[in-house]
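The stops below follow one another, each with something to pick.

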Amino acid sequence: MRTVLFLAIVKNHTASFFLEKARQAGARGGTIIRAEGTVNHPVLNFLGLHDSKREALLMLVEKTQEEHLHRVLEDECHLSKKGEGVLFSFDTTSVYGSQRIHEDFNEEENGLALHQLIVTIVDRDLGDEVVKAARQVGASGATILHGRGLGSKKESKIFNIQIEPEKEIVLMVVESKNVIQIVQAIDHELDINRPGAGIVFTMNVNNATGLFEEV
């Protein structure tokens, strides 16, 4: 099953409204994170999360819903109006830990990039365990983002994973040939496929500069 990651960057206290509109359009859940203490982080500056009055909404949806969800959110959330927010969607190359959507990584897939972004969402204080497991099988480093889940219990789910008040998002860029063993290491450490344990997904990295192999 092909999946897509939706990322919305919106004004503070409005992500729950975006999520509700997305749910009405067929999305099954999402993760809402407030940007806190992220000033001058280059990646977050690019995404607009350097402003503490912004929120990020992450949703994984089936590929067949992508265009429809874009249209609904553009209309219902007035995204054509400057300052209301921005919405991106990205094809995923694998999804693990979701009870409703599962997509195995395929090293032989046509169009697969040389590098992959591995995104792992886990409970607070488990990010270091993710990094430790990944490094043991060759990952060279990671970035851990700290966020706070917002919204009601009904809203704060990503495919049956309850979003607790604080989450950690671990970002790693690795060579595609190493993805499977890294995901397996994370699963072995955290039992990521256990309901509620977390979620891991990957996406193509079109280009990467400044990466060095450890020797």
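Start with exposure: buried means under 20% relative accessible area, exposed over 50%, and partly exposed in between, with a 1.4 Å probe and protein chains only. This is a predicted model, where local features need pLDDT of at least 70, side-chain atom pairs count only at pLDDT 80 or more, and totals for chains, interfaces and linings use all residues. Residues are numbered from 1 along each chain as its sequence is written, and side-chain values use heavy atoms, with hydrogens and water left out.

**Stop 1: two aspartates**

Select Asp 191. Its relative accessibility is 39%, so Asp 191 counts as partly exposed. Its phi is positive, near 50°, although the residue is not glycine. Asp 191 sits in the loop between α5 (179-190) and β9 (199-205). Helices (H or I, at least four residues) and strands (E, at least two) are DSSP runs, numbered from the N terminus.

Now select Asp 125. Here phi is about 75°, again positive in a non-glycine residue. Asp 125 belongs to the loop between β6 (115-123) and α4 (127-135). Buried or exposed, which is Asp 125? Asp 125 is exposed, because its relative accessibility is 59%.

**Stop 2: strand β2**

Select residues 31-34. Thr 31 and Ile 33 point one way from the strand; Ile 32 and Arg 34 point the other way. All of these are buried. Which residue of β3 is the bridge partner of Ile 32? Pick Leu 57.

**Stop 3: a nonpolar patch**

Select Val 86, Phe 88 and Phe 90. They form a nonpolar patch on the surface, with about 220 Å² of accessible area together. Accessible areas come from the Shrake-Rupley method with a 1.4 Å probe; for residues, only the protein chains shown count as cover. Patches are made of residues with over 30% relative accessible area and no salt bridge; nonpolar side chains (Val, Leu, Ile, Met, Phe, Trp, Tyr) are joined within 5 Å, like charges within 9 Å.

Phe 90 lies in strand β4 (residues 85-91). Rings of Phe, Tyr and Trp (its six-membered ring) pair if their centres lie within 6.5 Å; planes under 30 degrees apart count as stacked, over 60 as edge-to-face and the rest as tilted. The count comes to one aromatic pair. Phe 88 and Phe 90 make that stacked pair, at 6.1 Å centre to centre and 25° between the planes. Phe 88 is partly exposed at 31% relative accessible area. Phe 90 is partly exposed too, at 32%.

**Stop 4: salt bridges**

A salt bridge is a side-chain nitrogen of Lys or Arg within 4 Å of a carboxyl oxygen of Asp or Glu. The count is nine.

Select Lys 21 and Glu 76. Their side chains meet in a salt bridge at 3.6 Å, N to O. Lys 21 lies in helix α1 (residues 15-24) and Glu 76 in helix α3 (residues 66-76), so the pair ties together parts 55 residues apart in sequence. Lys 21 is buried at 18%, and Glu 76 is partly exposed at 38%.

Next, pick Arg 28 and Glu 62, joined by a salt bridge at 3.7 Å, N to O. Arg 28 is in the loop between α1 and β2 and Glu 62 in strand β3, so this pair links parts 34 residues apart in sequence.

Finish with Lys 63 and Glu 66. The closest N and O atoms of this salt bridge are 2.8 Å apart. Then select Arg 2, Glu 103 and Glu 109, which salt bridges with shared partners join into one network.

Key
Pairing = 2+ DSSP bridges.
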